[in-house]
Amino acid sequence: MTSLLSHNPHTNSIGYSFAQPTNAGNTEHSYTDNGGSVLGITGKDFAVLAGDTRSTSGYNINSRYVPKVFKIGGEDETGKDAHILLSVVGFAADGLALKERLDAVVKMYKYQHGKPMGVRACAQRLSTILYQKRFFPYYVQAILAGLDEEGKGALYGYDPVGSYEREQCRSAGAASSLIMPFLDNQVNLKNQYIPGSGEGHALAARKPEPMSRETVEQLVRDAFTSAVERHIEVGDGLQMLVITANGIEEIYHPLKKD
Amino acid sequence: MNHFPGTWGRPRDDVYGPYDSSYLQTTGPKTHTQSPAVTGTSVIAVKFKGGVAIAADNLASYGSLARFTDVKRLRKFGDAAVIGFSGDVSDMQYIDRLLESIDIRENYSAHGNQLNAKNLHTYLSKVLYKRRSDFNPLWNHILVAGFDSEKKPFLSSADLLGTTFSAPHLATGFGAHLAIPILRRLFPEERSIEEISKEEAVSALKDCLKVLWYRDARSMDKYSLALITQDGIEVHEDQQIEAQNWAFAESIKGYGAQTV
């Protein structure tokens, strides 16, 4: 009797009428982590999406310039006339495949409807694309940025299987645990109080206000220079894409290469 | 009776041993190519003024056995590109057949466009990514050397997962650990590719191959080296690593701390 109770439900010895799954289709060897971090912040009439340009596998640096932030729906290779930005961090091959699929979708939308796809629609479509691969996911954390119907900066953060949310700011990737708390404090002004406004619960919290583009760009640079100090997978260069009503501007800053 | 319906009516494991369910239908795909068999080691490459140099040794190993000593792991694609393969040799031959058929089709086509190295790299990386997504990977890490559509030197890598990246110098396998640091020291980022001569690039690759031969147990001293310039492709096969000096080996005892 004890032997029957000691059955391990995960061994073949139970003898189900179907064989146990083999290790084929095992996703363990289908992924790698290429490191790096990305970060997005929105303002009143702009959105900034930035990422470092290092590509790693394990302790190796593959390359010092592999961009992680892409223009979506542009005319040609240069991304002219694009109006949406996408950043992908995690497994770079999945990231690139995801970017190309979304790019194709946004272009097809334009050809079929004769107008550019809105960022809200694009955000929902990206979630659907990610969820379609729920059981063999794109191993990436994506961030989508653009300008909404009212011309305000819009930013959407995703998990690998398509859960998404519109946010003021979001960091993803290897150093997200270093950058996100910094953004909580500096963008959403968490744990910041107005001095002398009261005692205990009466103490008034500072209210977040829309920031200027200069302030946002400086925050992004500070976030990355700090992340580079403490995370080995982040470094080499900072690629920053800024989207405004006038189009997309690309800024490159060197980071430490150690 | 227990709560595993699958065991009901079957011989008890504790009496007859584990039930052999191997005759039952299996689920999931076949697993023949879930690991490499006969493999080639590093490929190394570097860009220089007006072209790209790429090299790989001529060995195909079967585990630790040096199985085939005359395998050419650099393959020409028309006169547009050279592809260097490391990893499984049979998968290399499959990809080579694939490229052969594309080359023939492209040459018979009427559009008159020539595929360049960048096009080829895009194609190969998508083949590799498709196969890994089907859980049936082509077990290779490849380097593609040639020119892009603007006639600028092009060098890029693609691996069995479909990961791609590009840099002024690249190496696969052991070369990523041993050759890349040498190449990064010889050709730092501040030095533009325009300042690197063909001769310098070739001698750097030869130095790297020698270090790999000294320290990579799955390497050999016979190698192939290809030069891609606007004038065409030169492939030098059956080259020999020259000026070998094994004197350093005498002084290596234990893991370094040992002196007697």
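In this predicted model, the buried residues of helix H2 of chain A are covered by elements that include strand S5 (69-72), strand S6 (84-90), H3 and strand S7 (140-147) of chain A, together with H3 of chain B. The residues of H2(A) that lie under this cover are A:Ala93, A:Asp94, A:Gly95, A:Ala97, A:Leu98, A:Lys99, A:Leu102, A:Asp103, A:Val105 and A:Val106. The helix itself, which runs over residues 92-113, has 22 residues and reaches 31 Å from its first C-alpha to its last, a span close to the 32 Å expected at 1.5 Å a residue. After H2(A) comes A:Gly114, a residue whose phi is positive, near 70°.

Consider next the partner within the chain, helix H3 of chain A, which covers residues 119-132 and packs with H2(A) at an angle of about 135°, the two axes being 11 Å apart. Angles from 65 to 115 degrees would count as roughly perpendicular and those over 145 as roughly antiparallel, and the two helices are therefore described as oblique to each other. Their crossing is right-handed. On the side of H2(A), the contact is made by A:Leu98, A:Arg101, A:Leu102, A:Val105 and A:Val106, while H3(A) contributes A:Cys122, A:Arg125, A:Leu126, A:Ile129, A:Leu130 and A:Gln132. Sorted by class, this contact of H2(A) with H3(A) holds 8 nonpolar, 1 polar and 2 charged residues. Among the H2(A) residues listed as buried are A:Leu98, A:Leu102, A:Val105 and A:Val106, and these also belong to the contact with H3(A).

The partner from the other chain is helix H3 of chain B, residues 117-133, which packs with H2(A) at an angle of about 105°, again with axes 11 Å apart. That angle makes H2(A) roughly perpendicular to H3(B). Here A:Ala93, A:Asp94, A:Ala97 and A:Glu100 of H2(A) meet B:Lys126, B:Tyr129 and B:Arg132 of H3(B), and by class the contact comprises 3 nonpolar, no polar and 4 charged residues. A:Ala93, A:Asp94 and A:Ala97 are likewise among the buried residues of H2(A).

Finally, the setting of this helix may be viewed across the whole chain. Chain A contains 5 helices and 12 strands, and of its 258 residues 47% are buried. Where contacts in chain A join residues at least 6 apart in sequence, 59% of them link residues at least 24 apart.

Notes. Residues are numbered from 1 along each chain as its sequence is written. Chains are lettered from A and ligands numbered from 1 in the order in which they are written. This is a predicted model: local features need pLDDT of at least 70, side-chain atom pairs count only at pLDDT 80 or more; totals for chains, interfaces and linings use all residues. Side-chain values use heavy atoms; hydrogens and water are left out. Axes are lines fitted to C-alpha atoms, for helices over the stretch in contact, and angles run from 0 to 180 degrees between N-to-C directions. Helices (H or I, at least four residues) and strands (E, at least two) are DSSP runs, numbered from the N terminus. Angles under 35 degrees count as roughly parallel, over 145 as roughly antiparallel, 65 to 115 as roughly perpendicular and the rest as oblique. A crossing is left-handed if the near helix is turned anticlockwise from the far one by less than a right angle, and right-handed if clockwise. Contact means heavy atoms within 4.5 Å. Ala, Val, Leu, Ile, Met, Phe, Trp, Tyr, Cys and Pro count as nonpolar, Asp, Glu, Lys and Arg as charged, and the others, Gly among them, as polar. The expected span of a helix is 1.5 Å times one less than its number of residues. Buried means under 20% relative accessible area, exposed over 50%, partly exposed in between (1.4 Å probe, protein chains only).
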